[in-house]
Amino acid sequence: MTAAIAAELRDVTREYGLGNARVRALDGVSLAFPAGSWTAVMGPSGSGKSTLLHCAAGLDRVTGGRVFLAGREVTGAPDRVLTDLRRRTMGFVFQNFNLIGSLTAEQNVALPLRLARTRVARADVRAVLAAVGLGDRLRHRPRELSGGQQQRVAIARAMVTRPAVLFADEPTGALDSASARTVLALLREMVDRDGQSIAMVTHDPAAAAWADAVVFLSDGRLVDRLVRPSAREVAERLATLEAAPC
């Protein structure tokens, strides 16, 4: 494991179920997410995209292989170690925002720091909200924000701990096209300006085309990789995979 890698899977398998009902969601996957870069993961429905992301982030235990996060092997780490890593080393952005409805934007962003029992500096919380364009929405609750604004609050919450890697699972899936572009432009800026590392699962070729590289899964295996592709190239490759016989 080198300092140039934010997260890595080495020959990872993940199986669910028992006996004849056993399903192999990941089948010997080896994949590195470079530091300071944005990698998108795509594939047909059921290809193992979300499982890959969850295993890389330590949210799901692997059946075989090894997982590294921010220079540390976490394959068999106890839950308390993984919980600490999630709070201090990693950020998470999901499709449905996962904001606390009774809290303001400012309080939602401060929540990870409070859970980690870290001193909450109001100036830091407000600075990260300003960085995502919501410096004037500090006291607004989720119901008072648009979908795009809620997702930007979720990104600010993920970034307030300055994570080594940001994991994003369909971050634009619940957004209209204009809001999606705003969120994707923000992620792109974070990579280019701050050297943020991002691993993102998406079904949208237009979203994937914002990334530095796109990797493709099929039946739990890595089958292709494109570097700085256009949305059309991503869509064509995905269409080919979806048309392939089972």
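Contact here means heavy atoms within 4.5 Å. The model is predicted.

**Core**

By that criterion, Ile155 touches Val93, Val132, Val183, Leu186, Leu187 and Met190, leaving aside residues up to four places away in sequence. Ile155 belongs to the largest nonpolar core, which has 44 residues. Within this core, Leu129 and Ile155 touch the most other members. Helix H6 gives the most to the core, with seven residues. Another core lies apart from it and has 30 residues, including Ala6, Ala7, Leu9 and Val215. As a general rule, nonpolar side chains in soluble globular proteins tend to be buried together.

**Sheet**

Six strands form an open sheet with mixed pairing. Their order is S6-S7-S8-S3-S9-S10. Strands S6 (90-94) and S10 (221-227) stand at the edges. Each has a single partner strand, so one side of each is left without a neighbour in the sheet. From one strand to the next, the twist averages 20 degrees.

Strand S3 (residues 38-42) pairs with strand S8 (residues 198-201) in the parallel sense, over four bridges. Trp38 has Ile198 in S8 as its bridge partner.

| Helix | Strands touched | Angle between directions |
|---|---|---|
| H5 | S6 and S7 (165-169) | about 165 degrees with S6 |
| H6 (residues 177-194) | S3, S7 and S8 | about 135 degrees with S3 |

**Helix H3**

Helix H3 covers residues 105-115. Which of its residues are buried? They are Ala105, Glu106, Asn108, Val109, Ala110, Pro112 and Leu113. The cover over these buried residues includes helix H4 (122-131) and helix H5 (147-159). Arg117 follows H3 and has a positive phi, near 55 degrees.

**Cavity**

Rolling a probe the size of a water molecule over the atoms shows where empty space is left. How many cavities of 30 Å³ or more does a search of the whole structure find? It finds one. The largest cavity has a volume of about 70 Å³. Its lining consists of Cys55, Gly58, Asp60, Arg61, Val62, Val67, Val74, Thr75 and Leu82.

Technical notes. Residues are numbered from 1 along each chain as its sequence is written. This is a predicted model: local features need pLDDT of at least 70, side-chain atom pairs count only at pLDDT 80 or more; totals for chains, interfaces and linings use all residues. Side-chain values use heavy atoms; hydrogens and water are left out. Buried means under 20% relative accessible area, exposed over 50%, partly exposed in between (1.4 Å probe, protein chains only). Helices (H or I, at least four residues) and strands (E, at least two) are DSSP runs, numbered from the N terminus. Two strands pair if DSSP finds at least two bridges between them. Axes are lines fitted to C-alpha atoms, for helices over the stretch in contact, and angles run from 0 to 180 degrees between N-to-C directions. A nonpolar core is a set of buried Ala, Val, Leu, Ile, Met, Phe, Trp, Tyr and Cys residues joined through side-chain atoms within 4.5 Å. On a 1 Å grid over the protein atoms alone, a cavity is a set of points where a 1.4 Å probe fits but cannot get out, and a pocket is an open set with protein on both sides within 12 Å along at least five of seven lines; lining residues have an atom within 4 Å of a point. Grid points are joined across faces, edges and corners, and a volume is the space filled by probe spheres set on the points.
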